[in-house]
Amino acid sequence: MTAIPANTRPLDGPAPRLETPPGATDCHIHLYLPGGAAQPGGPAIAQLATVEDYRRVQARLGLERVVVTQPNAYQRDNRALLESLTQLGTETARGVAAVAADTPLERLREWHDKGVRGARIMNLPGGAVTHASMPEVERLIRPFGWHLMVQFNGRHLDDYLEGLRRVETDYFIDHVGKFMPPVSADDRRVDAILRLLDRGNAWFKLCAAYEASVTGGPAWDDVGAIARRVIAHAPDRILWGSNWPHVGVPREQYPDDAEQLDVLLDWASPETQRRILVDNPATLYGFPTAS
């Protein structure tokens with residue numbers, strides 16, 4: 001595998017209109033390092049996405065902190081994730097790993113020391129650990145104070161509701177619920193998400209609206225309507241992530257990362273923007289509170 005030249009990748013461009021506060025956090029990126037190999041069951045790796053590449057994106061967007069999510073391509077091989085966290089440093093980076101139900105506790109302790117704070121549950125094609133293993137994974141991670149990162153097609157929420165209600169640790173619903181295609185903001189399944197948030201251990205991540213939207217960017221109005229309702233209901237339970245480097249869609253469909261950040265200008269007030277970008281990630285991931 002060879003790296004795609006930087007000038008064909010979404011690294012640079014105009015700064016966002018949103019002026020990010022100190023401690024602003026991108027809560028969802030993926031990194032693909034030299035030497036890492038795709039594992040059986042996951043998608044192919046089409047291009048590298050290194051720490052150096054992301055630092056350019058991070059600087060452009062005015063972000064200081066980042067959460068690296070285990071890519072589906074690597075399945076349960078977390079070595080590239082752990083190497084990424086070593087390069088980024090625990091002062092400003094955290095990780096979400098693929099945790100199997102039989103992962104030894106000593107290994108989890110090692111990952112915790114490197115900055116891992118969550119376990120990925122993926123109920124879409126290519127997912128390394130699915131909802132079926134979620135109870136066992138939760139029991140493993142609970143002593144470490146980790147959370148579950150749960151992704152599914154929100155239209156199938158009924159299939160997962162009972163399992164989510166049983167979760168005792170923190171968890172978040174990923175990708176704006178990833179309704180494919182989007183539903184109306186007053187849909188009963190959005191109602192159900194709000195009730196989950198009211199239970200006190202659920203969070204909701206604004207991420208990759210472009211993957212589900214039918215209306216398209218830069219506003220992603222159909223997904224945005226869902227986002228606005230959830231933000232208004234639980235502003236202290238919302239996270240934001242870029243989903244960089246956007247490998248789930250063809251290159252011509254890559255979003256502009258500045259535009260992804262700028263949706264917060266329309267979706268949330270300045271006070272809530274700070275909660276989403278700084279305060280909420282600091283609470284969930286244990287980052288130092290920005291002054």
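## Asp-262 in helix H9

Asp-262 has its place in helix H9, which covers residues 257-267. The model is predicted. Asp-262 has a relative accessible area of 8%. That value is under 20%, so Asp-262 counts as buried.

Which residues does Asp-262 touch, leaving aside those up to four places away in sequence? The contacts are Pro-16, Arg-17 and Leu-18.

## The largest cavity

H9 also takes part in a cavity lining. The count comes to three cavities of 30 Å³ or more. The largest cavity has a volume of about 70 Å³. Its lining includes Trp-220, Trp-240 and Trp-267. Val-176, Leu-206, Cys-207, Ala-208 and Ala-209 line the largest cavity as well. Gly-241, Gln-260 and Val-263 complete the list.

Which elements give two or more residues to this lining? They are strand S7 (202-207), strand S8 (238-241) and H9. H9 gives the most, with three residues.

## Aromatic pairs

The count comes to five aromatic pairs. One of them joins Tyr-32 and Tyr-74. Why is this pair called tilted? The ring centres are 5.9 Å apart and the planes stand at 45°. An angle under 30 degrees would count as stacked and one over 60 as edge-to-face, so 45° falls in the tilted class. Tyr-32 and Tyr-74 are buried.

Phe-144 and Trp-146 form another tilted aromatic pair. Their centres are 5.7 Å apart, with 40° between the planes. Phe-144 has 17% relative accessibility and counts as buried, because the cut-off is under 20%. Trp-146 is buried too, with a relative accessible area of 0%.

## A charge over a ring

Which ring lies under the charged end of Arg-237? It is the ring of Trp-203. The charged end sits 4.4 Å from the ring centre.

## Arg-165 in helix H5

Arg-165 lies in helix H5, residues 161-166. Is Arg-165 buried, exposed or partly exposed? Its relative accessible area is 35%, so Arg-165 is partly exposed. The class runs between the 20% limit for buried and the 50% limit for exposed.

Arg-165 touches Leu-196 and Arg-199, not counting residues up to four places away in sequence. The C-alpha atoms of Arg-165 and Ala-202 are separated by 9.5 Å. Along the chain, Arg-165 and Ala-202 are 37 residues apart.

## Helix H2 and its packing

H2 has buried residues at Ala-80, Leu-81, Leu-82, Ser-84, Leu-85 and Leu-88. What do these buried residues pack against? The partners are H1, S2, strand S3 (93-97), helix H3 (105-114) and strand S4 (116-122).

An α-helix has 3.6 residues a turn, so residues three or four places apart point the same way. Among the buried residues of H2 are Leu-81, Leu-85 and Leu-88. Gly-89 follows H2. The phi of Gly-89 is positive, near 90°.

## The annotated span

UniProt lists residues 26-287 as "domain: Amidohydrolase-related", in an unreviewed entry. In the model, this span is 38% helix and 15% strand. The end C-alpha atoms of residues 26-287 lie 12 Å apart.

Notes
Residues numbered from 1 in each chain as written. Predicted model: local features only at pLDDT ≥ 70, side-chain atom pairs only at ≥ 80, totals over all residues. Heavy atoms only, no water. Helix = DSSP H or I, 4+ residues; strand = E, 2+ residues; numbered from the N terminus. Buried < 20%, exposed > 50% of the residue type's maximum accessible area, 1.4 Å probe, protein only. Contact = heavy atoms within 4.5 Å. Phe/Tyr/Trp six-rings, centres within 6.5 Å; stacked < 30°, edge-to-face > 60°. Lys NZ or Arg CZ within 6 Å of the ring centre and 35° of its normal. UniProt positions renumbered as here; feature names shortened; annotations may be inferred. 1 Å grid on protein atoms, 1.4 Å probe; cavity = no way out; pocket = protein on both sides within 12 Å on 5 of 7 lines; lining within 4 Å. Points joined across faces, edges and corners; volume = space filled by probe spheres on them.
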